[in-house]
Structures are given as C-alpha cells and as structure tokens.
Protein chains: 2
Amino acid sequence: MSPKEHPLEFLFHPRSVAVVGASTTQGMGGGFVTALLEIKYPGQLYPVNPKAEELQGLKCYPRLLDVPGQVDYVISSVPAQVVPQLIEDCAAKGVKAIHFFTAGFSETGEADRAEMETQVLHRARELGIRVIGPNCMGLYCPEAGLSFMPGMPNEPGPVGMASQSGANAGDVCRTGGARGLRYSKAISYGNAADLDESDFFEYLAQDPKTEVILGYIEGVKDGHRFLNALRTAATAKPVIILKGGRTEAGGRATMSHTGSLAGALQVFDAACRQAGALRVDSIDELIDCAVAFLFVRGLSGPRVGIVGAGGGHSVLAADEVAAAGLQVPPLPEETQRALAEFTPIAGTSVRNPVDTNVGWGPDGPRLQRETLRLVAEAPNIDVIFFQAHVGWGPGRRGGGGFDPIEQAKQLAVSTGEAMAQFGKPVVAAIRPPLTPEAMEATAAFQEEAAARGLATYPSVGQAARALRRLLEWQAGREAMEV
Amino acid sequence: MSPKEHPLEFLFHPRSVAVVGASTTQGMGGGFVTALLEIKYPGQLYPVNPKAEELQGLKCYPRLLDVPGQVDYVISSVPAQVVPQLIEDCAAKGVKAIHFFTAGFSETGEADRAEMETQVLHRARELGIRVIGPNCMGLYCPEAGLSFMPGMPNEPGPVGMASQSGANAGDVCRTGGARGLRYSKAISYGNAADLDESDFFEYLAQDPKTEVILGYIEGVKDGHRFLNALRTAATAKPVIILKGGRTEAGGRATMSHTGSLAGALQVFDAACRQAGALRVDSIDELIDCAVAFLFVRGLSGPRVGIVGAGGGHSVLAADEVAAAGLQVPPLPEETQRALAEFTPIAGTSVRNPVDTNVGWGPDGPRLQRETLRLVAEAPNIDVIFFQAHVGWGPGRRGGGGFDPIEQAKQLAVSTGEAMAQFGKPVVAAIRPPLTPEAMEATAAFQEEAAARGLATYPSVGQAARALRRLLEWQAGREAMEV
C-alpha cells in the first residue's frame, strides 16, 4: 500500500474472490458468478457450494477453507444463520473484506436479527475484516473487473456511485449506460453496518478515477460525519443524490428495506444546500443530471435554441424549456434571414424554435449542419436543443436503400462534429423508440453521440430540467467561491 | 344521409380518395399513399401527379380532372400557389371535402399568404366544399381505412382525438398504441381555416364510437363557441387536452406553427374547469391519463398497494405515489401475517410496499397470484401498483430454457386474470427497456395486458400522477352532479 493510498482503495483490487453460497441456478444470488464472468474478472474466482463440483465452468469448493489459494474478498450468499461461522472461516483464510448479499438482519425489524448484525460486525472488527452490507449487492468496478449484476457496461468511466440499494445502483448503471454514462465504481452498501455513506463519499471525493458522484441514500448513520463527507465530496466534484424515503410512506419503506431512519427531508435538503450537492427525485432525474454534468459540463446561460422537424413538437419543446425556467429567445433578424435563404417557407419556422425540414431532402446533412451553425453562432443562444427524430415511431428498414440505423449513426456523427466545430453545447432529445428496430436506431445514435460528448435525453422536458439544475449548481458554486 | 347523422359524419366515409401532388418518393408528403395502402383503405385510391404513370403499384393520373370515377375526398400536397386552381377542379369533380396538407398560408405571418388562405376558404364555401387545414395531416380513422402516417394502429378503438398538429396526433396514436390505446378517429386540423376545434369537439361528443376525447389545441378561433363545445363534450365523456403555447415562448411558436393566438393559460384553464375537462402538460401525460380513463375507469379512493421485487424500487415507488398525492397505507396485520407465511423474511417486506421475490422461484406464478389476492382483498387498498420487472435491463434468451418474451406474456396474462378475479384495479409499471429483445418482452407484456384491460405505465410516478388526475376528475364530476 503506497503512503498516499486511501484506506478503502484495497476493496477495489482483490486478487481473488470467493462467492460463498454461489447458487447453482442463475436466479436469486447466483448472478454474482455470472456477472464476474461476464465482466471478465481477471483474478482467481472461486465458487463455494457443497452441492456442486463445478459451476459455470469453474471448479466449485465445498467450503471456503477448501479453496487452495489466498482469498482477498468474499461475497456471501449464505443464509444469515451461517454467517458467524463464515466470518471465522474468512479470518482463517486471511480475507480482507466481506460483502454480505446475505439479508435477514436489522432490516427485518426483529430484535434477535438486529442483534445478530451487531455481533457479526463486532467479530469482523475484532478480526480486522471490513464489511460491505449486509443486505446489498456490493461492488461494481469495471476497471478491476468487478460486477454484481449482468448487463452492466464493461468499460470504465468517470461516474462514481454509492447506493444503499443494489437494484437502484444497477438501474442507474444500466439505464445510464445506454445514455453514455460509464462508471469508475458503484457500491451497493445496504444496511451499512460497517462501511457507510460517509466512508464511500470520502473515498469517491479523493478517487482520481471519479469526476461526478451519484448517491442513493435512504438513511444517514452519523449526521455530523455525513455533512463533513458530503461537503468534502461536493467541494471536490459535482454530487447528485437521490434520497429514498422523502415522504412518510417512503420512510416506512426504507425502514423495511435497509433498516434506515429516513429522517426529515428538510434536514437532508439543508445539508445538501450547505454542502453544494444537488438532490433529485427519481432515478431518471439522477441520470439526466449526470448526463448534463458530464457531457454539457458548463453552460454560459439559460438561452436555448431549439432545432428540429415538426411544428407541434416545436411548440411543446418551447413550452417545456420555458416551464423549466430556461429561455427561448427569438433569433436575431440576421440569423432568421440567413436560415430563410435555404429553409422552405411552407410548414417551417426560422424564429426559434427553428422548425425545419431541410434534413429530409437529398442535401439534408449539409443543410442540417448549416442550420446548426447559424443557430450556434447566434449571439443570444447558449445551448442548442436538437430534436432528433431518430427511431421515433416504427422504424422501417429497406425501401429505397434507406437504413434507419446507419442514418441514425450518421446523424449523431454530424451533430457531434457540428457541436465541436461551432463551439456551443448541443443536447439531443429523442422520443423513446416503439419497436425493436427503432430501439436499435436509438442505441446507435446514443452510442455515437456519447463518443462525441453529445448529451442525449428521452424528452426535451427532461433535458431542460437537467440543464436548469446544472445552471443552479453553477450559480451556487460561483456564490461559494466569491 | 340518415336524419340523425351528424353533418360531419360524411368526412369519415369517403368512397374514393385522390392524393393530389402525391410524391414519387416516400419522403415529404409522399406518406399519404403509403399510409392509406398500409391501413388498407377499402375505397378507390387515386394518386395524382403529372410526373408519374404509376405510384406504389397504383395508376397515377396527371390531373384531378383525369381521374375516371367519382372523388369524394381530396388530400392536397400541391404548393399553395396551385390551390386556387385545385379548388375549381375539385368542384368540377363533385369533391365534398379537401384536406390541405399544403402549407404556406397564414402561419407564415405574411399578409399575402394569409389573404390567399382567406380567398381559398371563401371559394370553398361558395362551392360547398368543407376544408380540413390547411397545414395539417388530416384524418386517421382505422375503422374506415383512413390514415395519414405509416405505423398507426390498424384496429379501431374508443379514443377520439382532435389535434392542431399532425406530428403530435401521430405521436399520441403511435406511442399510445404501444400502451394499448386504439382510436375511433384522430383529426389533425392545422390552421383551422374552416373546420375547427369546436366542430370536432362537437362531433366527437356525439360520436358513438368515441368514449374518451383527447385534444391538442394551440389556439381557439371563437372562445364562446369553444366553451360550449367543450362543455358538451366533457359532459358526454372524459376530455383531456394538451394545450400548446402554455408559456410565452410556446405562444410565439404556435403563431409560427398554425398562426394561432395561444391566449392566456389562465383563461384556457378556467374554461377547462368550468366544462369539467382536464388539461395536461405533455404528450406522455395525455397518454397516461387516457390509459387511466380507459383501463382503470373508476377508482374507489387514493389508497395504493405496491407489489413488486426490489427494495430500492419499492422505496422510490412509495415516495412517488405519496408525492403524487395518493396514499400507501400499511397493510392490515392479518394481511401481513398471511403474506409472511410464504414470503421469505430475508430481503423482502410485507408491510406495503410488498417487496417480494416469490415470483422468482419455481412456484412463482402461484405465489405471485396469491400475493395479489391478499393485497386486493385488504380492505384499506383501492388499487394495486404492480412493479413488473419485464424487460428491465438487458433481456437474455436461452440459458435453461428461459424465454423472457414468453415469460412476459404469461406474467401479463396471470396479472390480468388476477385483476378480473379479485375485483380491484391493477396497474403495471414497467421500466423502459434498454435492448431490442427487452423491448420485445415489454411489447409482449403490454399487448397481453391491454387485451385484459390492465393499464401499463413506464414508471410508478407516471401511473400515480395519472390516477391522481382520474380521482380529481371523478370528484369534479360528482360535484357537478350534486
């Protein structure tokens, strides 16, 4: 361990992993071996289960003590009652950290099970073993080949997440992955008996691989310590938190889920305000804001130029942008004149929104690019919203050599190039696809867009609300620096 | 014409249609012939274009006057300058109604073009020809085999729509179609030079094929008449309106789009309140409310039982439901006890949300059904929200004979059957799919669900907000009846 290394850094670099209680099916808890194989974990992987000799092509061991080599990290899928013995076995094998997928502890609300959690923690501390969980999915760290769920992005990236819920972390990583987000690490930490939100926020604050921090938090173990960790994190990088249990009904649910006291939302919000962190209301808003912070990064102001085909969609886009607190100023006279030179007068508008059909003709790509150039160069525009009707409705392949998937790619490439060349941020809004083929076109667009730093949103409203949050965050940051 | 037939009924039953200016490509305006062929228009279909002898397998005529038979209905795709001559030709052929896809009239904001619109209207009235538009997509009426866009549902159904935007009408019909909505007719009427929102609301109010009326309105021609039409419509059936131009920026856009004065939102809202109509803010909310009115129909109260797998998703669902103004009451002790008899204690909750993994085991379907039965029979629950994790994340086929698409179908069938048997409304929330295969599974679920009257939503939040609107509408309706 280098002198500068954070004390939790070792968690993300196990040379060997044992999955104890690895399921022989791919259901309930059996997903860990599948997930680690899928992401190509490069170290030694040992499934442990007395009922199998082999598991997904790997030799399976009856007990942890039967594993021949060193074991750095244990994923526990055994029932709660077996955990005390497992801890002793871990100590004997020199295990440094245990992740307990195992549930059935304090979150049940039963006194004897809460007491068992306390004893497990006590014994682990005596033995110098760090605990993640119980009742959680553990670690996803693509750079190290760690994953807790199939279908997560394989490539690493700059988003770090600490989440009390494994399913929510998986949802953010998968759904955000389709929008181009890639992750340094996502930690699902459940009941937080040992390592908690403060530990992980402190870690992510100093992690050089993490540029934006996301959180899903149901309850906070130590308010004072959390406020410090949050301030440290939010001073270092943007922090966006989804608070589970923001209502009374949700708070009852957090108690059943992770045994967490949700606390008053006003207190949590005050902490976020003081620290300079953003609180959001849903997984989609968390992803939308992460996309804004990572792809758009800085906004010079709230003035939006809307470009795309469709008068009705243009009207609704203007409404959504204005309702989100951004602006849709009329373009300067000279910009309108220049657009009018090549935009047909019938069925269009060059005022802002620029409702244009030039992209449909044979000279489409050039004219679309020219449209983006003129709007980008307008002095009263800070950001362009491009309504890309990729994959909207049922896509159709064939028919005159038209390939919607290739066309979607080309549109993303040319829009990304225009953004780079004309020097104004562009975000693309795409209506959700309705057919498998339209989904392929959407995915193709999103992949090429992400590669070029072009943000994509499923609706203009979501884009507008996320950029509004980015502007608010920028203003708060400036106020702090004054 | 029978004595009771509404004076606009003839619009939806043309025995022959001519598409004048039919494009030889499938782009810009060329879609009408494609759309009519796709929906199998049963009457005579005549493309008219001097540059082609044949178009998509149909004989093409140089001018309208060259068409041999009777022409009831004309779709005009010719440039605006040619329209005066076209009207004379229509009169000579005995045409009863013209739909002008043709744009470039009053919406351009140019005086000479606005004057041309006035003259066209004047001449059409002299000749006894009704006009739809200009600057619109016209008629979709699957029962009559009329359509203006490929990819619309082929089967008729109970939703009627009047829309000033063709793209928005198409979006509602296609996107809502995937959610199980089917349509009696959708009318895109653009600049509303002749037939306007009041005409179509009056028509839909008395149309026996229409049970729910949707509107997309940018501006109102005659406020007094519209208030009467809206009251007539909303007294007869639920009316849900998306108002384009609810902000100042949107209002500038409606002027460019259809030449409509958007007017003050407060005035429009007051009209909706007086009439008993709902106003919504987006296409998605319009669809969500239509799904609630058609599938859920009546709600006995705001108390929601949440059922599904995933602790974090359950917490967020409770928050979303409560934030929307509905309730998530703890289930009665005896219901919790009965659920606990077969629900594993680890990683679950039986309080409400019911966070249950019983569906994953070999006896999954029976236990899931038993869970739904117990929650449905709880006396303090009015509606069940079922978080169906169909297609969420990347679906995977194969692997132990597991077929996600077949499983999605079966889940919709069994949930629909449970709803019918246990007598409480159920709505299913499904996270948007991320892969083509997951989309197939989602579509399979949605199709089977719709066939059984089971409402589906892309998120718990959208479901909760739509049901809240349904409850508000019910309360308003009761207040009126008192």
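Two strands pair if DSSP finds at least two bridges between them. Strands here are DSSP runs of E with at least two residues, helices are runs of H or I with at least four residues, and both are numbered from the N terminus. This is a predicted model, in which local features need pLDDT of at least 70 and side-chain atom pairs count only at pLDDT 80 or more, while totals for chains, interfaces and linings use all residues. Residues are numbered from 1 along each chain as its sequence is written, and chains are lettered from A and ligands numbered from 1 in the order in which they are written.

**Stop 1: the domains of chain A**

Select chain A and colour it by domain: domain 1 is 9-132, domain 2 is 138-295 and domain 3 is 298-478. These bounds come from an automatic or database domain assignment. Between the C-alpha centres of domain 1 and domain 2 of chain A there are 23 Å.

Now select where these two domains of chain A meet. Contact joins 25 residues of domain 1 to 23 residues of domain 2; two residues are in contact if their C-beta atoms, placed from the backbone, lie within 7 Å. On the domain 1 side, α1 (31-38), α3 (111-126) and β7 (130-132) of chain A each supply at least two residues. The largest share, six residues, comes from α1(A). By class, this side of domain 1 of chain A has 15 nonpolar, five polar and five charged residues. Ala, Val, Leu, Ile, Met, Phe, Trp, Tyr, Cys and Pro count as nonpolar, Asp, Glu, Lys and Arg as charged, and the others, Gly among them, as polar.

**Stop 2: where the chains touch**

Show both chains. Their contact takes 67 residues from chain A and 68 residues from chain B. On the chain B side, select α4 (166-178), α7 (248-258), α10 (311-323) and α14 (436-451), each of which supplies at least two residues. Which helix gives the largest share of this side? It is α10(B), with 11 residues. The side of chain B that touches chain A divides into 26 nonpolar, 31 polar and 11 charged residues.

**Stop 3: the six-stranded sheet of chain B**

Select the strands in the order β8-β10-β9-β11-β12-β13 of chain B, an open sheet with mixed pairing. At its edges are β8 (138-140) and β13 (278-280) of chain B, each pairing on one side only. The twist from one strand to the next averages 20°.

Within the sheet, go to β9 (156-163) of chain B. Six of its eight residues are buried, so β9(B) is largely enclosed by the rest of the structure. A residue is buried if 20 or more other C-beta atoms lie within 10 Å of its own, with C-beta atoms placed from the backbone. Parallel to β9(B) runs β10 (183-188) of chain B, joined to it by six bridges. One bridge partner to find is B:I187 in β10(B), for B:A162. From β9(B) the chain passes through α4(B) to β10(B) in a right-handed β-α-β crossover; right-handed means that, with the strands pointing away from the viewer, the path from the first strand over the helix to the second runs clockwise.

Five bridges pair β9(B) with β11 (212-217) of chain B, also in the parallel sense. There, B:M161 stands opposite B:L214.

**Stop 4: strand β16 of chain B**

Select β16 (383-387) of chain B, where five of five residues are buried. B:V383, B:F385 and B:Q387 point one way, and B:I384 and B:F386 the other. Five bridges join β16(B) in parallel to β14 (304-308) of chain B, where B:V304 stands opposite B:V383. β17 (426-429) of chain B pairs with β16(B) over four bridges, again parallel, and B:A428 in β17(B) is opposite B:F386.

Note on methods:
Buried ≥ 20, exposed ≤ 12 C-beta atoms within 10 Å, placed from the backbone. Axes fitted to C-alpha atoms, helices over the stretch in contact; angles between N-to-C directions.
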